[in-house]
Amino acid sequence: MPKSSKKKKEKAADFSKAKLKLGKGKQAPSNVVDTSFKARSIALPSQSIATDKDAGAPSTRRRLTFEALIVHLKHYNAATRRDAILGLRELLEAHPELISTHLTTLVNSCVRVIGDEDSSVRKTLLSFFSWLFLHVPQDDLMPHSPVLLLFTTSAQTHIFPEIRIDAVRFLDVFLEHIPDVVTEGWTQQGGGGHGRRVLEGYLGILNAGTTFGEGGDTGPVQATSTASVVLSPASKLVVLRSLAAFLKHAVGAGRDIEVDPTSATLTTPTWYFSSSFASSSAFDAFDALLRPELIPSPRAGARLPVSSETRSWMPEASEECEEDFAGLFSLVSAANLGSWAIQDMDNVDAAVAASSGEAQTGTTPDQQVASSANVARALHPTLVSTFLDCAPAVFSPSSTPPQTELQMVLVVCRIFRSLYGRILQDAAESGRVHETAESDLQAMLSYLSPYFPFTVNGPVNARRDVKVEQAFQDLNLIFCELSSFLVLASQGGDHASSARRPKSRPARSSRSAASSVSGRGVNTRQVERVSEYIMQLLRGEGPPSGVQTSIPRPITPQAYISLLPTIWSLINGRTSEMADASASLFSVVVQHAIKASSTSTVKRHVVEFLGRLVLLDREPEYIGTFRCGRNPEQDAKLEEWVLQLPQTLWELGGSHLPTTETIVRLLLRLSQRRSGLLRPATYTALRSRLVPYFTITHPTRGKVRGPYSKLPLESPLRRLILNLVATILVHRRSNVQEDDNLLAAVTDALHGASETDYFEGIVSSM
């Protein structure tokens, strides 16, 4: 009877007692009531009834105020954080006055997003910083630089490679606006500046170590990077390009030819002349001969004269006096009253320069050179391997070079120019030998030399790309500079040996004569190829191209400036093998100066460089090889160029004051120093050609004032020109039969002008 037994069991279950088991809790009855509960809160800060909202506060189209957007920057949703950054830009574009009042809050909130794990947020923040820093003055941005660089250098060592690469992009923005802060302290190991951490971040991403062996910075390089990710070519280009910009600002030796496309604010470098003078004071005096005082400001086109203030003579010297002849000797101050040994007095000029540099910047030139050498040693394997990987694709004769590899090769060469340019510039100036740097640079030049001159290859019917042609021209210019660094370094050793014998001008030894052109690593054939390329460039002839024939075009100011050290190293290092090539190069330089029009952007630099070459003959402490006046044909060309300068002055008028000042200073120095180029016939031609600059006799209008009247009334250039005229008139008095057309023209031009008394005074005194 199974049915009845089942019922009996069910009835018995209602009255059975559950047995308790060890370790088991007491079971709840079946009819128990669950009294537990859960509570949750909803936070709505933007809808709180306890907060009084300002209806007139600036807001975005989504009704979000500045405070609300700052809160959204901390949101867990990446899209909300990205929209918050876009909203900040929208709000600040509509209300730019909020930037200055909320800059601290804005920066402190945005820096936390630099290392955000979402790529769209980082990209939006990068675009926002690029826009924001254009609207913030540099002085207002400087106090916030520590926190900006703190989070950026932290992102450089992030575990994710994408964040490290984006941190480098942020550094590019900072280098554009606050480069001095980014590079500060890059030479100090464990210093207070951010530059060292930034540099170590660069090298860590590139898998290049910065820690050295037992000898400190002088020991062997040890790889310290823990990065195991192989960068893609595009990412590696981002890092190398940013590193090149960092080194350009930090080292100060490399000058990228596309940084400043205008020639108005460019200055003509003269450091390469220093190895040809017996002392640094003599070189400084030579450097100041033609240095223009009227340099246009890069902003708003304003002209900023270096010494435009009017100074009055003081009978007694004082600390408030700003004149350079007041006799303020910084080495005898209380801070510099240290003891000097006899060995320290061996080279006083170097000690004075080192003391001045340390007092002004806190970093001595020796520290900068040593740090540059250390970084060069650490980067050399990475740079060489990068070049060797990209060179076959870039210089292939049958295909157009890919942009990424081409830019990679260009950036590698720029880094070489910055680092080794600073190291070997020190060798040229001080005479110290940097054997490791010279051998490393020569090794790199041996890899570059088979492709020089670099030309665009590919199919004949391929379309011309101006950017590619410009990149190849930059490579050619950098190759010329790197070659000149080795030559100038060898000449610097000759200067160091001759500086110890200042009583007489020493004769150059056979070793120095042999190395003055070819250098300690540049062979003669390489120098000849460099010389041929420079002559083609000055003539306006481009190197032969595999794509199409290049259209002749004038040389740019940036290219001309970058060639000056190379030109000087070649014409100053004559040997029996290279005498003809050096003479040909100098003739081309003079011919280019004659053909350059007055409106050419390179005119001022041409006049200053060639003028300095002419003035070297009258320098008592000049110990170089180059001399003017040895070739009658060259002297005739130089006289033709000098007689062309008054016409250039007339054509310039009052449009380009720096060029006018350079020409006037050159003619004044030549007259004061009785240059051999200014023969009596040359003086006569100069006087007659300067007359139209002051007064022109028109057939119908009579006497008309010349371009001198177009100069600004308060410009010191007006009196400088009068000084030139008075100096030239001194030579007229040796021959009373000459007419006074120039004196009469100047007198007519000064009628009613404030410079009349000044001119009469200097003429009567002379």
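1. Let me start with H26 (residues 680–694) and H28 (residues 741–749): their axes come within 9 Å and cross at roughly 15 degrees. That makes H26 roughly parallel to H28, where angles under 35 degrees count as roughly parallel, over 145 as roughly antiparallel, 65 to 115 as roughly perpendicular and the rest as oblique. Axes here are lines fitted to C-alpha atoms, for helices over the stretch in contact, with angles running from 0 to 180 degrees between N-to-C directions. Helices are DSSP runs (H or I, at least four residues), numbered from the N terminus.

2. Before going on, a word on the model: it is predicted, and local features need pLDDT of at least 70, side-chain atom pairs count only at pLDDT 80 or more, while totals for chains, interfaces and linings use all residues. Residues are numbered from 1 along each chain as its sequence is written, and side-chain values use heavy atoms, with hydrogens and water left out.

3. Back to the first pair. H26 passes H28 in a left-handed crossing, that is, the near helix is turned anticlockwise from the far one by less than a right angle (right-handed if clockwise). On the H26 side you'll find Arg-687, Leu-690, Val-691 and Phe-694, meeting Asn-741, Leu-742, Ala-745, Val-746 and Ala-749 of H28; contact means heavy atoms within 4.5 Å. By class, this contact has seven nonpolar, one polar and one charged residues. Nonpolar covers Ala, Val, Leu, Ile, Met, Phe, Trp, Tyr, Cys and Pro, charged covers Asp, Glu, Lys and Arg, and the others, Gly among them, are polar.

4. H9 (residues 161–177) is worth a look for its two partners below. With H6 (residues 119–132), the axes of H9 come within 10 Å and cross at roughly 5 degrees, which makes H6 roughly parallel to H9. H6 brings Arg-122, Leu-125, Leu-126, Phe-129 and Ser-130 to the contact, and H9 brings Glu-162, Ile-163, Asp-166, Arg-169, Phe-170, Val-173 and Phe-174. The tally for H6 with H9 is seven nonpolar, one polar and four charged.

5. The axes of H9 and H11 (residues 195–205) come within 11 Å and cross at roughly 140 degrees, so the two helices are oblique to each other. This crossing is left-handed too. Arg-164, Ile-165, Val-168, Leu-171 and Leu-175 of H9 touch Val-198, Tyr-202 and Ile-205 of H11. Seven of these residues are nonpolar, none polar and one charged.

6. Thr-152 sits in helix H8 (residues 145–156). With 0% relative accessibility, it counts as buried (under 20% relative accessible area; exposed is over 50%, partly exposed in between, 1.4 Å probe, protein chains only). Leaving aside residues up to four places away in sequence, Thr-152 touches Ile-114, Ala-167, Phe-170, Leu-171 and Phe-174.

7. The largest nonpolar core has 194 residues, with Phe-128 and Phe-129 having the most contacts inside it. Such a core is a set of buried Ala, Val, Leu, Ile, Met, Phe, Trp, Tyr and Cys residues joined through side-chain atoms within 4.5 Å. Its largest share, 15 residues, comes from H16 (residues 403–430).

8. Some backbone points to check. Phe-452 and Pro-453 are joined by a cis peptide bond, omega about -5 degrees, and Pro-453 lies in the loop between H17 (435–448) and H18 (466–499). Arg-63 has a positive phi, near 65 degrees, and counts as exposed at 69% relative accessibility. Arg-674 has phi near 50 degrees, also positive, and is exposed at 52%.
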